[in-house]
Amino acid sequence: MRQKVFFKTFGCRTNLFDTQVMRENLKRFDYTDSEENADIIVVNSCTVTNGADSGVRSYVNKVFSSGKKIYFTGCGVKTQGKNLFEKNLTFGVFGHSQKEKIDDFLNVKKKFFYDDDLNASHLDTTIVSEFVGKSRAFIKIQEGCDFACSYCIIPSVRGKGRSMNEAKILEQIRVLRDTGICEVVLTGTNVGSYGKDKGNSIAKLIKLISKIEGIKRIRIGSLEPAQIDEEFLELLDSDFLEKHLHIALQYTENSMLQRMNRQNRFDSDCILLENIANKGFALGTDFIIGHPGEDEQTWQKAFENAKILPLTHIHPFIYSIRNNTPSAYMKPVVDGNLAKERLHSINHLVKQKNMDFRKKIKKSNQILNILVENGKNGVYNGLDQYFNKVKIITKCPFPKWLQTTNYEVNEEVNRIEI
């Protein structure tokens with residue numbers, strides 16, 4: 001009887017795609033979506049913070065006590081793979097650039113540890129035939145990052161930025177299109193750097209993707225402000241790009257951006273976001289609360305600046321130390337309770353901005369184009385073109401895509417009753 005493999009994925013969309021790549025390369029083993037029924041657990045780890053490492057360790061310890069065979073891969077190989085292996089918590093450890101060999105690794109009879117050599121030229125060649133459990137698919141278009149943000153360890157575990165082959169990306173999208181996928185989300189370690197190493201650009205790639213019949217919407221995981229050039233801005237008038245951009249500002253006050261070794265600054269960020277918002281786009285960002293050195297004056301300035309920005313979505317998180325990064329040695333450290341208060345404040349601010357944005361869309365009688373993602377018992381969930389959640393209450397079957405102007409703007413989501 002063939003052994004069953006369960007993948008436990010931690011972290012970002014890129015890791016989700018990497019898990020699909022490993023699943024595609026299972027030949028002598030069977031995939032299962034049930035951890036309980038699995039003989040083998042493959043942990044695709046995240047190491048973005050010390051807390052992420054801790055969560056992965058806790059999971060490995062829990063699974064080990066159940067007696068299942070554990071294999072360990074992902075970003076955590078460099079930071080804690082060897083320690084877990086030496087404690088006999090894992091049967092095998094292998095790095096990012098080796099994940100396409102997973103079928104061979106699972107067939108090895110002796111315990112092994114293969115450190116990731118971070119081959120700077122390695123790029124996956126696997127075409128994923130199915131994106132499990134999704135009506136939209138994440139498409140990895142590049143790997144690695146050339147930035148050097150002081151709080152981030154990812155460039156040292158993912159390597160330098162390098163772009164996937166354009167023809168391979170387009171082939172991947174066509175294959176998934178044929179399985180029913182009609183929205184794609186372009187992802188990677190630093191998505192906006194796509195093409196920099198090949199004389200290409202993400203704007204040119206998006207134009208090619210838009211010509212693939214059956215792909216109705218293209219979304220971009222995240223962009224750096226510096227990566228949004230005139231060529232990209234020309235795309236904003238098109239109808240194939242989702243009317244939402246996630247632009248990673250990380251903070252809204254210049255002295256802190258400098259401490260973080262960020263390339264962006266508030267004044268230019270403000271001009272950029274205003275220009276994009278004027279095109280009718282919803283705008284999201286990441287926001288790091290409580291980075292070392294964030295005193296009250298810095299925070300108040302950042303908060304006032306955030307009020308000015310036309311933000312509709314935000315992913316705020318409290319800074320968590322990551323060993324072996326410059327920020328880990330910076331002082332003073334921000335009190336945790338104070339950081340939580342600031343987190344709640346920025347969340348509340350943007351939540352109100354989001355509701356105001358949705359009311360404005362409703363008042364203008366614009367059609368919502370909704371991709372219905374999941375649901376049961378007459379309650380379905382979807383996302384509109386502005387990346388706002390929509391709850392659908394219905395007793396009738398309906399297609400994957402729904403267009404309507406008939407909905408209610410509620411505090412958390414837009415609501416439709418059919």
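Helices (H or I, at least four residues) and strands (E, at least two) are DSSP runs, numbered from the N terminus.

Before I go on, a word on what you're looking at. This is a predicted model, where local features need pLDDT of at least 70 and side-chain atom pairs count only at pLDDT 80 or more, while totals for chains, interfaces and linings use all residues. Residues are numbered from 1 along each chain as its sequence is written, and side-chain values use heavy atoms, with hydrogens and water left out.

Put together, three strands form an open parallel sheet in the order 11-12-13. Strand 11 and strand 13 are the edge strands, each pairing on one side only. From one strand to the next, the twist averages 15 degrees; for angles like this, axes are lines fitted to C-alpha atoms (for helices, over the stretch in contact), and values run from 0 to 180 degrees between N-to-C directions.

By buried I mean under 20% relative accessible area; exposed is over 50%, and partly exposed is in between, using a 1.4 Å probe and protein chains only. In a regular strand the side chains alternate between the two faces of the sheet. Here both faces are covered, with A282, G284, D286 and I288 buried on one side and L283, T285, F287 and I289 buried on the other.

Now the helix that goes with these strands. Strand 12, helix 11 and strand 13 make a right-handed β-α-β unit. Right-handed means that, with the strands pointing away from the viewer, the path from the first strand over the helix to the second runs clockwise. Helix 11 has 13 residues, 296-308, which should span 18 Å at 1.5 Å a residue, and its end C-alpha atoms are 19 Å apart, which agrees. That expected span is 1.5 Å times one less than the number of residues.

Which residues of helix 11 are buried? They are T298, W299, A302, F303, N305 and A306. They cover an arc of only 165 degrees around the axis, which puts them on the same side of helix 11; the arc is taken from the directions from the helix axis to the C-beta atoms. An α-helix has 3.6 residues a turn, so residues three or four places apart point the same way. The buried residues of helix 11 pack against helix 9 (254-259), helix 10 (266-277), strand 12 and helix 12 (336-363), where contact means heavy atoms within 4.5 Å. As for helix 12, it lies across strand 12 and strand 13, running at about 175 degrees to strand 13.

Next, the loop between strand 13 and helix 12. P332 sits in this loop, and the peptide bond from K331 to P332 is cis, with omega near -5 degrees. N324 is in the loop too. Its phi is near 70 degrees, a positive value in a residue other than glycine, and at 65% relative accessibility N324 counts as exposed. For background, most residues other than glycine have a negative phi, and most peptide bonds are trans.

Six strands form an open sheet in the order 17-14-15-16-19-18, with mixed pairing. Strand 17 (401-404) and strand 18 (408-409) are at its edges with a single partner strand each, so one side of each is left without a neighbour in the sheet. Inside it, strand 15 (residues 379-383) and strand 16 (residues 389-393) pair in the antiparallel sense over five bridges, and V379 stands opposite I393 in strand 16. The loop between strand 15 and strand 16 holds F387, whose phi is near 65 degrees, also a positive value in a residue other than glycine. F387 counts as partly exposed, at 23% relative accessibility.

Last stop, Q172 in helix 6, residues 166-177. Buried or exposed? Q172 counts as buried, at 4% relative accessibility. Leaving aside neighbours within four places in sequence, Q172 is in contact with F17, T126, I127, V128 and I139.

Methods: Two strands pair if DSSP finds at least two bridges between them.
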